[in-house]
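Dear colleague,

I am passing on the structure below, together with notes on what was found in it. Please read the notes with the coordinates open beside them.

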Amino acid sequence: MTAISRSAGSHPVPVIETDDWVARLSTPGPGRDAALRELHALLLRAARHQVSRMTALVSALGAERIDEIVNQSADEAMVALLGKLSTFEGRSRFTTWAYKFAVLHAAVEVRRHAWVGREIALEQSVEPCSSGPTPEDYSEAAALSAAITTAIDTVLTMHQRQIVIAVLIDDVPIDILAERLGSSRNALYKTLHDARDALRAQLIATGHLSSAQSTGWPR
Amino acid sequence: MTEHRHNLTPDVVRRLTVDPHPWLSCDDCFGLIDQYVELLLDEGPGAAQRMPAMRAHLAGCAACREEAQTLLALAASDRGLDPDEAESALAASASELGKN
């Protein structure tokens, strides 16, 4: 076990008991109103934190638009969280559980804005770049690259090839691709899961990957 | 189809060949992510082995991992822990499985 250091000058947030949060949010009255305001502030903080980590994607947006994304994400997270409040089982701090709703909504919203107007070409085969690895690792790396390219072409279905190339090679966010295809993040991840199974089985069969290896090159 | 050419860098090779097992959906990852980050914060990266499906999913799903990193940083901050060090713990927990 590796302990994580305490931040210099840090002041841990006092833990409000989970039962207290759930009770305050569930009981009509002034206490609930105050709890809702506190919760919204937490969600705003989480959404802002997520957006601030995606600067490369939001740099073209103005401060006003970024603020809109943060507020919209916090609002949507609030609705989603309150709809799931009865499912909270206290297996984590309530604040950690709450943050994840805002983080999800903010990340999805930023990716959506970043990909507005960008075309996604669904390709069916891999065309490797001519610039390859250095001479020192040419043999192993080139052989593995060639084997992967062949495996993509031969053992994956057309749908799997399109999803694998878009998400794993061309860096199209999985939720954006799901939205464009009228699919879901879950469904596309299952496609990636099955495609990785097929690729790994082929690479193991051809001796390019051992069954114990979790990933390919570099070994 | 375009003429686009693809660069199979070491990172791309890892993404393509990372072991995806045990299976976990993105929705189930969302359901467990708060417990997972608190486990890492409370017990260190080695504790990831107790939730192998989460570890495998985060190694294979860039979107879920991006969100997990933020959640980890927020939860670490609440505990007065160093968020950067906490994120290193998350990376270490997935290191055996490679990065996507």
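Which pattern does chain B follow when read along the sequence? The pattern is α-α-α-α-α, and the secondary structure of chain B accordingly comes to 5 helices and 0 strands, where helices (H or I, at least four residues) and strands (E, at least two) are DSSP runs numbered from the N terminus.

Before going further, the conventions: this is a predicted model, in which local features need pLDDT of at least 70 and side-chain atom pairs count only at pLDDT 80 or more, while totals for chains, interfaces and linings use all residues. Residues are numbered from 1 along each chain as its sequence is written, chains are lettered from A and ligands numbered from 1 in the order in which they are written, and side-chain values use heavy atoms, with hydrogens and water left out.

The two chains

Of the 100 residues in chain B, 61% are buried, a class that means under 20% relative accessible area, with exposed meaning over 50% and partly exposed lying in between (1.4 Å probe, protein chains only). Taking contact to mean heavy atoms within 4.5 Å, 68% of the contacts in chain B between residues at least 6 apart in sequence join residues at least 24 apart. The accessible surface of chain B is about 3600 Å², and carbon and sulfur atoms hold 47% of that surface; accessible areas come from the Shrake-Rupley method with a 1.4 Å probe, and for residues only the protein chains shown count as cover.

Chain A has 9 helices and 0 strands, and read along its sequence the pattern is α-α-α-α-α-α-α-α-α. Buried residues account for 42% of the 219 residues in chain A, and 66% of its contacts with a separation of 6 or more are between residues 24 or more positions apart. Its accessible surface comes to about 10900 Å², with 55% belonging to carbon and sulfur atoms.

Where the chains meet

The contact draws 66 residues from chain A and 67 residues from chain B. About 5900 Å² is buried between chain A and chain B, and carbon and sulfur atoms give 58% of it; buried area here is the accessible area (1.4 Å probe) that two parts lose on being put together, summed over both.

Between the two chains the count is 25 residue pairs in polar contact, both residues at pLDDT 80 or more. A polar contact is a pair of N or O atoms within 3.5 Å; within protein, one must be able to donate a hydrogen and the other to accept it, and residues adjacent in sequence count only if both atoms are side-chain atoms. On the side of chain A that touches chain B, at least two residues each come from α2 (30-52), α5 (94-115), α6 (138-155), α7 (158-169) and α9 (185-205). The residues of that side divide into 31 nonpolar, 19 polar and 16 charged, with Ala, Val, Leu, Ile, Met, Phe, Trp, Tyr, Cys and Pro counted as nonpolar, Asp, Glu, Lys and Arg as charged, and the others, Gly among them, as polar.

Salt bridges

A salt bridge is a side-chain nitrogen of Lys or Arg within 4 Å of a carboxyl oxygen of Asp or Glu, and by this rule there are 21 salt bridges over all chains, while the count between chain A and chain B is 8. One of the pairs is B:E67 with A:R185, at 2.9 Å from N to O, and both residues belong to a network of salt bridges that also links A:R111, A:D175 and B:E66.

B:R15 and A:D171 form another salt bridge, with closest N and O atoms 2.4 Å apart. Because B:R15 lies in helix α1 (residues 10-17) of chain B and A:D171 in the loop between α7 and α8 (174-181) of chain A, this pair joins two chains. B:R15 is buried, at 12% relative accessible area, whereas A:D171 is partly exposed, at 46%.

Within chain A, A:R65 pairs with A:E68 in a salt bridge at 2.5 Å, and the two are separated by about one helical turn because they are 3 residues apart in helix α4 (residues 63-84). Within chain B, B:R50 and B:E43 form a salt bridge at 2.3 Å; B:R50 is exposed at 56% relative accessibility, and B:E43 is partly exposed at 29%.

With kind regards
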